[in-house]
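Subject: Structure handover

Hello,

Please find the structure below, followed by notes on what was found in it.

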Amino acid sequence: MYLAQMLVALVALLHLGFLVLEMFLWTSPIGRKVFGMNAEKAEVTKVMAANQGLYNGFLVAGLLWGLLLGTAGVPVMIFFLSCVIVAGVYGAATVSRKILWVQAVPAIVALVVLGIVAPFSGG
C-alpha cells in the first residue's frame, strides 16, 4: 500500500504545482514559459487560469483526504485519480498531447498500483 500512497502523493504534488503555476505564476516569465504564451495572452487568460488552478486545488484536497483516511480512503483516492485522468485525457485531446504525459499517465500509474495493492491491504 505504501507504493500506491506515494504515487497518489506524487499526483497530488503535481497538481499543487499546477495550482501555483495557474493561480500565482501565470503571467510571470516562468508561467509564460511553461505554458508557451506571450505576455499579452497570459494577461488576457489569467482569470481563466486562476479558475483552473482552483480546480487543481480541489483535486489536491481530495487526494490528500483519501491519503489521510489510510486504507479506508481507497475509494476516495480512486475517485479523485479518475477525475485527474479524465481531465488529463480531455486536456490532451483539446489543448496539448503533453498533458496526457504530465497529468493523466502519473494518475493512471497510481490508479493501477492502487487497484493491485488495495485488495490485499485489508481495505
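**Overall picture**

Of the 123 residues of the protein, 37% count as buried. Please keep in mind that this is a predicted model. The secondary structure consists of 5 helices and 0 strands, so the pattern read along the sequence is given simply as α-α-α-α-α. Along its principal axes, the C-alpha trace spans about 55 × 25 × 20 Å. Among the contacts with a separation of 6 or more, 57% are made by residues 24 or more positions apart.

**The nonpolar core**

The largest nonpolar core has 20 residues. Within this core, Val 8, Val 11, Leu 63 and Leu 81 touch the most other members. The most comes from α4, with 7 residues. As general background, nonpolar side chains in soluble globular proteins tend to be buried together.

Not counting residues up to four places away in sequence, Val 11 touches Leu 63, Leu 81, Val 84, Pro 106, Ala 107 and Ala 110.

**Helix pairs**

Two packed helices are described by the angle between their axes and the distance between the axes. Two pairs are set out below in those terms.

How do α1 and α5 run relative to each other? Their axes come within 8 Å and cross at roughly 160 degrees. Angles over 145 degrees count as roughly antiparallel, and α1 and α5 are therefore roughly antiparallel to each other. The crossing in which α1 passes α5 is left-handed. On the α1 side, the residues in contact are Leu 3, Ala 4, Leu 7, Val 8, Val 11, Leu 14, His 15 and Phe 18. In α5 they meet Val 102, Gln 103, Pro 106, Ala 107, Val 109, Ala 110, Val 113, Leu 114 and Val 117. The residues of this contact divide into 15 nonpolar, 2 polar and no charged.

The second pair is α3 and α4, which pack at an angle of about 155 degrees with their axes 8 Å apart. By the cut-off of 145 degrees, α3 and α4 are therefore roughly antiparallel to each other. Here α3 passes α4 in a left-handed crossing. From α3, the contact includes Phe 58, Leu 59, Gly 62, Leu 63, Trp 65, Gly 66 and Leu 67. These meet Val 76, Met 77, Phe 80, Leu 81, Cys 83 and Val 84 in α4. Of the residues in this contact, 11 are nonpolar, 2 are polar and no charged ones are present.

**Two single residues**

Is Asn 56 buried or exposed? Asn 56, which is found in helix α3, has a relative accessible area of 9%. Buried means under 20%, so Asn 56 counts as buried. Leaving aside its neighbours within four places in sequence, Asn 56 is in contact with His 15, Phe 18, Leu 19 and Glu 22.

Leu 10 lies in helix α1. With a relative accessible area of 41%, Leu 10 is partly exposed. Leu 10 and Ala 118 are 108 residues apart along the chain, and their C-alpha atoms are separated by 18 Å.

Regards

How values were computed:
Residues are numbered from 1 along each chain as its sequence is written. This is a predicted model: local features need pLDDT of at least 70, side-chain atom pairs count only at pLDDT 80 or more; totals for chains, interfaces and linings use all residues. Side-chain values use heavy atoms; hydrogens and water are left out. A nonpolar core is a set of buried Ala, Val, Leu, Ile, Met, Phe, Trp, Tyr and Cys residues joined through side-chain atoms within 4.5 Å. Buried means under 20% relative accessible area, exposed over 50%, partly exposed in between (1.4 Å probe, protein chains only). Helices (H or I, at least four residues) and strands (E, at least two) are DSSP runs, numbered from the N terminus. Contact means heavy atoms within 4.5 Å. Axes are lines fitted to C-alpha atoms, for helices over the stretch in contact, and angles run from 0 to 180 degrees between N-to-C directions. Angles under 35 degrees count as roughly parallel, over 145 as roughly antiparallel, 65 to 115 as roughly perpendicular and the rest as oblique. A crossing is left-handed if the near helix is turned anticlockwise from the far one by less than a right angle, and right-handed if clockwise. Ala, Val, Leu, Ile, Met, Phe, Trp, Tyr, Cys and Pro count as nonpolar, Asp, Glu, Lys and Arg as charged, and the others, Gly among them, as polar.
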